[in-house]
Amino acid sequence: MSYNKILTIQDISCVGQCSLTVALPILSACGQETVILPSAVLSTHTGGFKEFTFRDLTDDIPKIQEHWQKEGIKFDAIYTGYLGSLKQINYVEDILDTMGKDSCVKIVDPAMADNGKLYSIFDMEYALRMAELCKKADIVIPNITEACLMTGIPYVEKYDKEYVLRVINALKESGMNTVILTGISYDDSTTGVVVYDKEYQYYSHKKLSKGSHGTGDIFASSFTGAYMSGKSLFDAAGIAAEFVLKCMENTEGDAEHWYGVKFEPCIPELIKNLI
Ligand code: PXL
């Protein structure tokens, strides 16, 4: 299993089991050195809590980058998630351009929308700017809502493989590299992940009746951890999909835990699948 220095850039939602509070433990559990760059600190995530606080750390980003440059710090992988503003995307673009080793793997999860809607603080200008950032990545991990927003293809709830291929082709034609499209479901009992490097591959598994918050971040983090530890794209996507399913099953029926999934007890299972 290879050991890498991975930089992940996303917010800290103090409560809510998403972004950095899942990326850091999951990447560490995958045996990877994890460097964090918090884009903002929020009291909670924005998906259902009211009156959350938001401390924007945009202005700290170039100062932190400059210090790392002085120290000669470079990364084997850079994985970005939820970002707070257009200005942050500009800074992150520069980090992708300058802070990676020659072999650096750049992974961008647009983390801006789900279920046909943008998250509360974003607008279409942000979505289109995010599409530009995605073109700098080796691997992008959108869900179908994010892919539709970035391509202008209307989002629909029911679709077939032809529609999914149209969305992926539009992403690729716009200049994106490997696409991992999450939450792709062709029937009521299964869902899965499409991995499109040079051809269409689909990993499908059982679908639960209800979606959960933060699962996109858990998928992207465990995918990044598995891929950087040496798994193939498709195997890493499968490991991440099974991990997300396990975490959701572990949370099902706990109404008080509406804001995220109880991923921590499932970490040993994730590690087992990496060996
Ligand atoms: O899980 C994505 C995410 C990350 N960070 C914050 C969010 C969300 C989704 O709503 O609000 C702050």
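## Glu125

Is Glu125 buried or exposed? In this predicted model, Glu125 is exposed, because its relative accessible area is 51% and the cut-off for exposed is over 50%.

Glu125 belongs to helix H4, which spans residues 124-134. Asp123 caps the N-terminal end of this helix. The cap places a side-chain oxygen of Asp123 3.2 Å from the backbone nitrogen of Glu125. Glu33 sits elsewhere: 92 residues from Glu125 in sequence and 34 Å away in space, C-alpha to C-alpha.

## Helix H4

H4 also has a buried set. Its members are Tyr126, Ala127, Arg129, Met130, Ala131, Leu133 and Cys134. An α-helix has 3.6 residues a turn, so residues three or four places apart point the same way.

The buried residues of H4 pack against several elements. The helices are H3 (86-98) and H5 (144-151). The strands are S4 (75-80), S5 (100-108), S7 (117-118) and S8 (139-140).

## Ligand site

The residues around the ligand are Asp11, Ser13, Cys18, Ser19, Leu42, His45, Thr46, Gly47, Tyr82, Tyr119, His213 and Asp217. By class, this shell has four nonpolar, six polar and two charged residues.

For Thr46, the distance from a side-chain N or O atom to a ligand oxygen is 2.6 Å. For Asp217, a polar side-chain atom is 2.7 Å from a ligand oxygen. For His213, the corresponding distance is 3.2 Å. On its own, the ligand has 310 Å² of accessible area, and the protein covers 98% of it.

Key
Residues are numbered from 1 along each chain as its sequence is written. This is a predicted model: local features need pLDDT of at least 70, side-chain atom pairs count only at pLDDT 80 or more; totals for chains, interfaces and linings use all residues. Side-chain values use heavy atoms; hydrogens and water are left out. Helices (H or I, at least four residues) and strands (E, at least two) are DSSP runs, numbered from the N terminus. Buried means under 20% relative accessible area, exposed over 50%, partly exposed in between (1.4 Å probe, protein chains only). Contact means heavy atoms within 4.5 Å. A polar contact is a pair of N or O atoms within 3.5 Å; within protein, one must be able to donate a hydrogen and the other to accept it, and residues adjacent in sequence count only if both atoms are side-chain atoms. A residue is near a molecule or strand if one of its heavy atoms lies within 4 Å of it. Accessible areas come from the Shrake-Rupley method with a 1.4 Å probe; for residues, only the protein chains shown count as cover. Ala, Val, Leu, Ile, Met, Phe, Trp, Tyr, Cys and Pro count as nonpolar, Asp, Glu, Lys and Arg as charged, and the others, Gly among them, as polar.
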